[in-house]
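Work through the exercises below with the sequence and the structure open beside you. Each task is followed by a solution in steps.

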Amino acid sequence: MAPDPDRLSDLVSRRKFVAATGAAGIAAVAGCSSNSGDDSGGDDTAQPTEAATSSAQETTESTEQSSQLSTDTLTGDGSSTVFPIANTGASYWNSNPEPGDEDYFPQDWADEYDTDMRLADYFATQYGWEETGERSVPPFRISIALSHSGTGVEGVMEERIDIGDASSTAEAELAGSDVSDEELDNFVDHVVGVDGQPIVVSKEIKDAGVTDITIEELRKIYKQEITNWSELGGPDEEILALGRAPGSGTNTAFLVNVMGDAEASISPDQRYGKNQQLQQAVATADNAIAYIALAFVQPDGQVPPIGLEIDGTLYEYGKNLGSKEYPLARDLHCYTWEDTSRQEAAFINFLLSDFGQEFFVEANNYFALPPERLETQREMVAASNYE
Amino acid sequence: MASRIAERFEHYRSRNEDAALVLLAVTALSLVAAFVLFYQQSRWTVVPVASFLLLTVVGWVRYQATIARGLTFVMTVATVAVLGLIVAFLVVRAWPAFDQMGLEALYRTEEPLWKPAKTTPWSLAPMIVGTMVTTAIATAVAAPVGIAGALYISEIASDTTREVVKPGIELMAGIPSITYGFIGFVIVNRFFYEEFQTSTIGNYFTVGAMIGIMALPTIVSVAEDALSTVPEAMKSGALAVGTTNWQTMKSVTLPSAFSGVSAAVLLGVGRAMGETMAATVMIPHTKGFADPVYDVFGGVGETLTTVIAFEGGNATGRHIEGLFAAGVVLFLMVLVLSVTAQVIQARMRSKYGGDR
């Protein structure tokens, strides 16, 4: 089965082929370079058609002429814990639904805000942008990426991104690096929601009667001072203490809030990088204890929550995990760098609105900010600051 | 020296058109410019890249021989440069960490061991021990199985069997490592936890066994190559004096191919040592020393690769420099293994190379 050289060369000359592919390659590169100005990647919700894109550009130009407000894409990156909030917010914003769209912008909400504008239009006009009036064409686009708290905080500091998502404070994330206090002061902290991680145990342990533990016991478990469930009124089984990766926001928050120091050393028996793996491990094991994101708790399944007692107060799943005193509750931050730009303020205000708190925070199993804190946070980004 | 280079350059020049040489030089320079701009994260990187592609096409059409020769040279330089740049980058990023701890980072055994911070001492020793332990277990699992398989394929199996089995084994090398990791996490780890009551879900033994299985295809195919280079004349000679097939294998084939087979094992072990994904999914990620050190079922478990994969995403400051230091140590360990394997292989070739 030797190839037939004559037939091949009849079909296409090799030189022609090379020339053609080379030209195509250059054309492709040229196409890239002309596109590199507007960053529209990383958005998976709104897929505008060609027509929509071109009209978007026209609208953009006219808005720029009229008010000189930035219409660059607003970018964010960071914690996987904050990601659901920021990303859901961004996709609602980018799709710019009309009032009465029951999935995205129900009529009750439009009535509550007393508007007939589209969702992103309504919130952006408060900050001076003009409404576009079109689906999938917000006044400016928002793109949120997913990495880690530390990456988000650094990205904001190096001004690679506009908003840095973090599930612990920038101070704790940067502990041990070269950042001076003056530089830390440049971070502007916006809290958009609250997370409260319950303590979970293997089903066998809860069934055997361990329904709550004290915080001292929790500390001792993670320092390997208590190693058997019988010391806590459970069965005579070793304790398998599960933790998260060193340096991750969840781990840092646990160190700060439970152990009292971001640099404290704990020695869990096993660490996992993801909530999913942690959930699987707790379900597999019959002697495990772990702290896990709310969405992964199975109250009646293999990953049941137990109560945590602190100074006589019992914190229980479904009751009071969002309260400020609960040590595994933590603020979810959106950091900005050196003040908050008008664009950043418009988006953060969107997350802080009653609509945002219900659709982005509570819908993702986090706790909305209590009214008093919500008020303080909203004042920081109020539209009146930008007039 | 300088005059010789000048002379060679003159020779080269006399054999090529000046225009072609200028074109080649500009092509190479645009590649260098592309690298410099890329390093500075400039958005203009695309300009020299485009000019490189354009000039290559123009050169290919007009001065094909010169450009082809020049391009193959440039590509080789680029490949070697990538290795050099990786090493330089690793060392530069790890330098502050070594500056703080010196070589003590490699053997310190007192607490605190981890994680690297400017004010407290730390150590890579638990991870180095972890890498050695898992690699040793992987070798213990993979070497006997791999050599037996290679011997069967090379000496015993019929041609038909060989034609089916050998590509099959090589196909194993193409299975993504996360697949092995998933099987290890869901089946192997759980089996040991439930049936043998190990204290954690996953330990050095399960990880070592799994990466040993992953090293099998390398060992089988390289060892099989080594066994088949043993000259037929040697085997026929042995058979002629009346030995059985097994006696020939045992006393002639295996000893003659010994260096090649050990090279196969070392290459496989090198792969096992650098294996990351499967191990990261399976290992408990706790740093410390098992007591005694051969307690491979105990609770501690972390290797150089897994610590980098597990913590790299979140690390900042000295922490990430410490992880780069782990990378340097791992690089050196794998380098020593693979150089040894290649030296052995070269020796093997010069000894029996004539039979190909």
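**Exercise 1. A helix of chain A**

How many of the 11 residues of helix α12 (residues 249-259) of chain A are buried?

Solution. Keep in mind throughout that this is a predicted model.

Step 1. A residue counts as buried if 20 or more other C-beta atoms lie within 10 Å of its own. In α12(A), the buried residues are A:G249, A:T250, A:N251, A:T252, A:A253, A:F254, A:L255 and A:V256.

Step 2. That makes eight of the 11 residues, so α12(A) is largely enclosed by the rest of the structure.

Step 3. The surroundings can be named: the buried residues of α12(A) pack against the helices α7 and α8 and the strands β3 (163-166), β7 (240-244), β9 (288-291) and β12 (329-337) of chain A.

Step 4. After α12(A) comes A:G260, which has a positive phi, near 90 degrees.

**Exercise 2. The domains of chain A**

Describe how domain 1 of chain A and domain 2 of chain A are arranged and how they touch.

Solution. 

Step 1. Chain A contains 16 helices and 12 strands. Of its 387 residues, 44% are buried.

Step 2. Domain 1 of chain A is made of 72-195 + 330-386, and domain 2 of chain A is 198-327. Their C-alpha centres are 30 Å apart.

Step 3. In the contact between them, domain 1 of chain A supplies 16 residues and domain 2 of chain A supplies 14 residues. On the side of domain 1, α7 (149-157) and α8 (170-173) of chain A each give at least two residues.

Step 4. Sorted by class, that side of domain 1 of chain A, where it touches domain 2, has five nonpolar, nine polar and two charged residues.

**Exercise 3. The form of chain B**

What radius of gyration does chain B have, and what would a compact globule of 356 residues have?

Solution. 

Step 1. The compact globule would have a value near 21 Å, whereas chain B has 26 Å.

Step 2. The C-alpha trace of chain B spans about 75 × 70 × 40 Å along its principal axes. Chain B has 15 helices and zero strands, and 40% of its 356 residues count as buried.

Step 3. Chain B is divided into domain 1 (2-101) and domain 2 (125-355), with C-alpha centres 37 Å apart. Their contact takes seven residues from domain 1 of chain B and eight residues from domain 2 of chain B.

Step 4. The side of domain 1 of chain B in this contact has six nonpolar residues, no polar residues and one charged residue.

**Exercise 4. Helix α3(B) and the contact between the chains**

Which helix gives the most to the side of chain B that touches chain A, and which of the residues in α3(B) are buried?

Solution. 

Step 1. The contact between the chains involves 35 residues of chain A and 31 residues of chain B. On the side of chain B, α3 (46-62), α8 (177-196), α14 (304-311) and α15 (317-352) each supply at least two residues.

Step 2. α3(B) gives the most, with eight residues. By class, the side of chain B that touches chain A has 15 nonpolar, 10 polar and six charged residues.

Step 3. The 17 residues of α3(B) should span 24 Å at 1.5 Å a residue, and the end C-alpha atoms of α3(B) are 24 Å apart, so the two agree.

Step 4. The buried residues in α3(B) are B:P48, B:V49, B:F52, B:T56 and B:G59. They cover an arc of only 105 degrees around the axis, so they are on the same side of α3(B).

Step 5. An α-helix has 3.6 residues a turn, so residues three or four places apart point the same way.

Key. Residues numbered from 1 in each chain as written. Chains lettered and ligands numbered in written order. Predicted model: local features only at pLDDT ≥ 70, side-chain atom pairs only at ≥ 80, totals over all residues. Contact = placed C-beta atoms within 7 Å. Helix = DSSP H or I, 4+ residues; strand = E, 2+ residues; numbered from the N terminus. Nonpolar A, V, L, I, M, F, W, Y, C, P; charged D, E, K, R; others polar. Rg over C-alpha atoms; globule rule 2.2 N^0.38 Å. Buried ≥ 20, exposed ≤ 12 C-beta atoms within 10 Å, placed from the backbone. Expected span 1.5 Å × (residues − 1). Arc of directions from axis to C-beta. Domains from an automatic or database assignment.
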